[in-house]
Structure formats: C-alpha cells, structure tokens
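Okay, thanks for coming, everyone. Let me put the structure up, and then I'll walk you through it.

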Amino acid sequence: MYDLHTHSYYSDGELSPDALLSHAAARGVTCLALTDHDTVDGLIEAQTAAKAQGLSFVNGAEISVTWNDKTIHIVGLSINPMEPNLQAGLLHHQQLRDMRAQAIGERLAAIGIPGAHEGAAKYAKHGVITRPHFAHYLVEQGVVKDMAAAFKHYLGKDKPGFVPLVWAALEEGVQWILQAGGVAIIAHPLRYRLSKSKLRRLIQDFKNAGGHGIEVVTSRHDPAGQQRAEQLCREFDLYAGAGSDFHGPSTWANLGGLAPIAEDCRAIWEHPQWNEIR
Ligand code: AMP
Ligand code: MN
Ligand code: MN
Ligand code: MN
C-alpha cells in the first residue's frame, strides 16, 4: 500500500524518519514518501530506514506556494533532493519561515504571551519552524487546551498571532519540482475553502504550470470528497495521489489504511517519471 504524504520531525511531524518508517512497516505500508514542509533534510535518514524495513521509498517535499493570495500546498514526489534550483527555493522558504517566526513571537509578546519564538524553536530543533511548533508552545504554557484551539484563537488567519507570508508563486514552486525531475501534486485540494469555480481555476493554472496530479485519497477527504477529487482528475486528465498527511501517532490521521483510488483514475505511481528507491 502506498502512503505518499507524511511528515517527520524535520518539519511539523512528531517522529524521526527512523520511527516513521518503523511505524509505516507496522501499519502495512509498502511504499512511503516523506514530504516535510519546505525541506528535504529528512530524506537521507528516511531512505536508510526504509531499506532497513524493506520498504520502497520516494523522495518528497510539501512546498507552500501562494496563489491568488492563498497558501496552497504542492507535494513534489520522485524529486532529486540535491538539485540546485530546488535547494535554493527551499532555502528561501526556510528563511521566510524564520522571519515569520520572529514576527509571530513579537505579535504574541505584544498581547502578553512572552517567549513564544524561543519556545517554538525548541520544538523545531530538528528542522524548519512551523505554526504547529507555536501551537505546541501555547498548549505547553496553558494558554490553550489543544492545537486546534491554538489555531482558532491565535495562529489562524487574521488571529492576533497570524503573520501573512507570501510564498513562491504556484508556477515557481511547480518549476522547482520539475527541475528536480519530480512530479507535482496539489495536496488536499478540498481544504482550501475555494468555491467550485475557483478550485477549477487553481487546477487549470496548476496544470498549465506543468503540474501532474491532485491528491484524491487523503485523511482530509471523506468518501464524497474523494469522489469529487476523482471527478476532477478525470475532468482535467491528471494523475491521482494518495497520502495520509500523517504528522504523528497522537494526531488525527494515522499512516496507511488508505482507500483505493477509483479504477478509471491513473495513480501517480504509474507516471513515467515515477522513481521508487528500493
Ligand atoms: P505553516 O506551514 O507553518 O503555516 O503550518 C501549517 C501546518 O499547520 C499545516 O501543515 C498543518 O499541519 C497545521 N495546521 C493548520 N491548521 C491547523 C489547525 N486548525 N489545527 C491543527 N493544525 C493545523
Ligand atoms: Mn503540517
Ligand atoms: Mn498541507
Ligand atoms: Mn502535509
């Protein structure tokens, strides 16, 4: 079974790549992609761990892009993590994340919550800093009871700790993936709160930019959502992706256990550029 969207502690996941791959094997996954936010730093460790577990592995990254003032996530798979343009792009995003983290810390301090930048950085010690690291700190400090509340009251759009960030443009993020020899997939397409026509515009722009597929199976879709996404695959003649978006054992989505893709949709692993490391 394929699981092509997962996170480790190199971004906002809980597990090391090693623990992630052990968990994947125990959950019956046979081919896993590690897709940390805006970083490829966990891939070498994950490849070694996949070999030890006898799993196939796919190099990936989940890249944040800005499209029409919205943040969209593009999963790149079968990428060459050493490709210079990809590396330069990811480095730029990591610098943006550092600047945003500083600014989030300042905003929270201004409303009486000091030490958040340092507190979040402590949770992010293995990799890039993300909003969930701030959420952990707010929970740890007793400011909120859980991660969801941290986003709802402090970190979500237009909340007091929200700092808008302009990522690379959609076309640019897709280019990084193409230049690195990979295939590009729109992650969790139904999670952006786009109207039907806007979602179609996103998919068309993505396809025009050279994108290959959309995530059809994800823990963030219910069965009706999966069917909608499959319909969009057919309509735009795109490949179908499948991944849990796993962030850790204590979170909402577990590894594997994914529904099959409809038979008349082409799975992304059938793409000619697909590259599994065995
Ligand atoms: P960032 O890329 O640093 O802006 O962080 C985005 C990440 O935050 C997403 O990949 C999710 O893992 C997480 N996230 C976003 N919204 C929520 C929420 N409402 N509750 C919990 N986690 C969230
Ligand atoms: Mn995440
Ligand atoms: Mn995402
Ligand atoms: Mn993700």
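I'll go through the metal sites, then the ligand beside them, then a few residues elsewhere.

Quick housekeeping: this is a predicted model, so local features need pLDDT of at least 70, side-chain atom pairs count only at pLDDT 80 or more, and totals for chains, interfaces and linings use all residues. Residues are numbered from 1 along each chain as its sequence is written, chains are lettered from A and ligands numbered from 1 in the order in which they are written, and side-chain values use heavy atoms, with hydrogens and water left out.

Let's start with the manganese ion that is ligand 2. Which protein atoms coordinate it? Asp12 through OD, His37 through NE2 and His247 through NE2, lying 2.1 to 2.2 Å from the ion. When I say donor, I mean an N, O or S atom within 2.8 Å of the metal (3.2 Å for Na, K and Ca); water is not among the atoms, so sites may look incomplete. Along the chain, these donors follow the spacing D-x24-H-x209-H. Asp12 is in the loop between β1 (2-3) and α1 (17-26), and His37 is in the loop between β2 (31-34) and α2 (43-53), so this pair ties together parts that are 25 residues apart in sequence. Helices here are DSSP runs of H or I with at least four residues, strands are runs of E with at least two, and both are numbered from the N terminus.

Are those two buried or exposed? Asp12 is buried at 12% relative accessible area, and His37 is buried too, at 7%. The cut-offs are under 20% for buried, over 50% for exposed and partly exposed in between, with a 1.4 Å probe and protein chains only.

Next, the manganese ion that is ligand 4. Its protein donors are His5 (NE2), His7 (NE2), Glu62 (OE) and Asp245 (OD), again at 2.1 to 2.2 Å. In sequence, that reads H-x1-H-x54-E-x182-D. The ligand 4 ion is 4.5 Å from the ligand 2 ion. His7 lies in the loop between β1 and α1 while Asp245 lies in the segment after β8, so that pair ties together parts 238 residues apart in sequence. Both His7 and Asp245 are buried.

Stay on Asp245 for a second, and look at the backbone. Phi of Asp245 is positive, about 65°, although this is not a glycine. For context, most residues other than glycine have a negative phi. Relative accessibility at Asp245 is 2%.

Now the manganese ion that is ligand 3. Glu62 (OE), His73 (ND1) and His188 (NE2) coordinate it at 2.1 to 2.2 Å, with the spacing E-x10-H-x114-H. How far is this ion from the ligand 2 ion? They are 5.4 Å apart. Glu62 sits in strand β3 and His73 in strand β4, 11 residues apart. Glu62 is buried at 1% relative accessible area, and His73 is buried at 18%.

On to ligand 1. The residues around it are Asp12, His37, His73, Arg97, Arg100, Thr130, Arg131, Pro132, Phe151 and His247, where being in that shell takes a heavy atom within 4 Å. The elements giving two or more residues to the shell are α3 (84-110) and α5 (131-140).

Two last stops. Glu276, in the segment after β8 (239-243), is buried at 15% relative accessible area. Its side chain makes polar contacts with the side chains of Trp274, at 2.9 Å, and Arg278, at 3.0 Å. A polar contact is a pair of N or O atoms within 3.5 Å; within protein, one must be able to donate a hydrogen and the other to accept it, and residues adjacent in sequence count only if both atoms are side-chain atoms.

And finally Asn68, in the loop between β3 (56-67) and β4 (70-77). Asn68 is a non-glycine residue with a positive phi, near 50°, and is partly exposed at 42% relative accessibility.

That's my tour, thanks.
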